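The questions below go through one structure step by step, with an answer after each.

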Amino acid sequence: MKGFRVELQELSKRFGVMEVLKGLSLEARPGELVALLGPSGCGKTTTLLLVAGLYRPSRGRILFDGRPVDHLHPKDRDIGMVFQSYALYPHMTLEENIAFPLRLKRVPLREIKERVKRIADLLGIGDLLGRRPAEVSGGQQQRAALARALVKEPGLLLLDEPLSNLDARIRLQARTEIRRLQLDLGITTLLVTHDQGEALAMADRVAVLAEGVLQQYDTPETLYRRPTNTFVAHFIGDPPMNIYRGRFTPRGFEGEVVWPFPEGWNPPFLGEGFLGVRPEDLQVVWEGEGLPARVLLKEALGREGLLTLVLEAGGQVKALVPGGVPFHPGDGVKVRYVPEALHFFDSEGRRVGDGVAPARGA
């Protein structure tokens with residue numbers, strides 16, 4: 001299979017007076033898996049349905065390998081799509097479900113059988129082809145739906161929350177299998193999900209959307225390390241980043257939390273803004289150097305614990321600690337950090353600097 005290069009140019013969609021997608025522009029390279037990520041109502045599924053041809057754009061263009069496809073019927077766009085519900089025909093066997101798009105194209109029967117068997121074996125359901133959907137597990141139904149989309153050998157695969165109906169253990173296995181298959185086949189894929197863990201684990205690049213507007217389009221690592229605004233900073237990462245509104249001064253940050261800076265350091269700017277720090281970038285110790293604090297709450301997360309701390313200088317902060325360390329509510333502790341771990345945002349919530357404060361006098 002050869003994946004398309006997909007371009008979305010100033011793509012917008014209105015339903016009456018409501019504009020649910022606002023000038024989205026991005027490109028997916030051939031063979032790339034791109035995740036559309038965001039909360040409910042952000043426009044990610046609308047984008048997928050526009051690319052599929054089930055919606056027509058109010059403005060903008062969609063191109064496959066440089067060729068406009070806005071005017072093409074969905075069946076003429078050479079795409080495969082897997083829905084959240086899988087949409088398998090209950091009265092058909094898995095083999096008949098997978099073969100259905102090839103029968104519509106009047107592919108010769110012998111070729112149909114060969115292609116169905118090949119893709120089913122690739123997905124590990126070759127021995128289940130004679131069963132109906134109700135006779136197999138949810139994970140096996142998901143693989144059958146994926147096989148039906150791939151058997152056409154499309155230039156683009158569209159995945160609409162394909163794992164949300166699976167339990168947690170099967171979901172982890174399925175996302176690994178889908179990613180492996182996508183890499184092996186080299187097929188361009190757009191994945192719609194509200195699960196940031198799923199997006200970061202599977203995608204080459206992630207488009208983060210909010211209220212129909214693209215917030216940031218980048219690699220998972222860049223989204224995590226250099227979020228472009230406070231929305232992305234809070235949305236990417238589990239547990240989410242600590243973010244506080246306040247005022248930057250030469251001595252530190254004052255607002256929803258009071259956060260002194262180390263001697264010799266200044267923020268990238270002075271005035272109103274937002275300070276961010278991830279819970280995993282904080283170190284909690286019993287004594288020594290650090291910001292004095294008191295443990296308010298400890299939440300067990302398995303190998304780690306999430307502490308809610310009340311800073312002596314004012315405000316609360318959450319920090320991740322090793323799960324076996326015996327912190328308890330009421331304990332006095334110290335919070336350590338390095339300035340490189342801090343994230344700075346202006347009063348509009350836009351990122352400032354590289355997250356590294358300059359030395360005084362520099």
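Q: In what order do the strands of the open sheet of four strands stand?
A: This is a predicted model, in which local features need pLDDT of at least 70, side-chain atom pairs count only at pLDDT 80 or more, and totals for chains, interfaces and linings use all residues. Residues are numbered from 1 along each chain as its sequence is written, and side-chain values use heavy atoms, with hydrogens and water left out. Strands (E, at least two residues) and helices (H or I, at least four) are DSSP runs numbered from the N terminus, and two strands pair if DSSP finds at least two bridges between them. The pairing in this sheet is antiparallel, and the order is S2-S1-S4-S5.

Q: Which are the edge strands of this sheet?
A: An edge strand here pairs on one side only. That holds for strand S2 (18-28) and strand S5 (67-68).

Q: How many bridges pair S1 and S2, and in which sense?
A: Within S2, Met 18 is the bridge partner of Phe 15, and Leu 24 is the bridge partner of Leu 11. Strand S1 covers residues 6-15. Its pairing with S2 is antiparallel, over seven bridges.

Q: Which residue in the turn between S1 and S2 has a positive phi?
A: S1 and S2 form a hairpin with two residues between them. Strand S1 also holds Glu 10, which has a positive phi of about 50 degrees although it is not a glycine. In the turn, the residue with a positive phi, of about 70 degrees, is Gly 16.

Q: At what angle to S1 does helix H1 run?
A: Helix H1 (residues 44-52) lies across S1, S2 and strand S4 (59-64). Contact means heavy atoms within 4.5 Å. Axes are lines fitted to C-alpha atoms, for helices over the stretch in contact, and angles run from 0 to 180 degrees between N-to-C directions. For H1 against S1 the angle is about 115 degrees.

Q: How many bridges join S7 to S8?
A: Strand S7 (residues 156-160) and strand S8 (residues 188-193) run parallel. The number of bridges joining the two strands is five.

Q: Which elements give two or more residues to the lining of the largest pocket?
A: A pocket is an open set of points on a 1 Å grid over the protein atoms alone, where a 1.4 Å probe fits, with protein on both sides within 12 Å along at least five of seven lines; lining residues have an atom within 4 Å of a point. The largest pocket is lined by 19 residues, of which Lys 75, Ile 79, Pro 101, Leu 104 and Lys 152 lie nearest its centre. The elements in question are strand S6 (79-82), helix H2 (94-104) and helix H4 (138-150).

Q: Where is Pro 239 found?
A: The peptide bond from Asp 238 to Pro 239 is cis, with omega near 0 degrees. Pro 239 is in the loop between helix H8 (230-235) and strand S11 (242-248).
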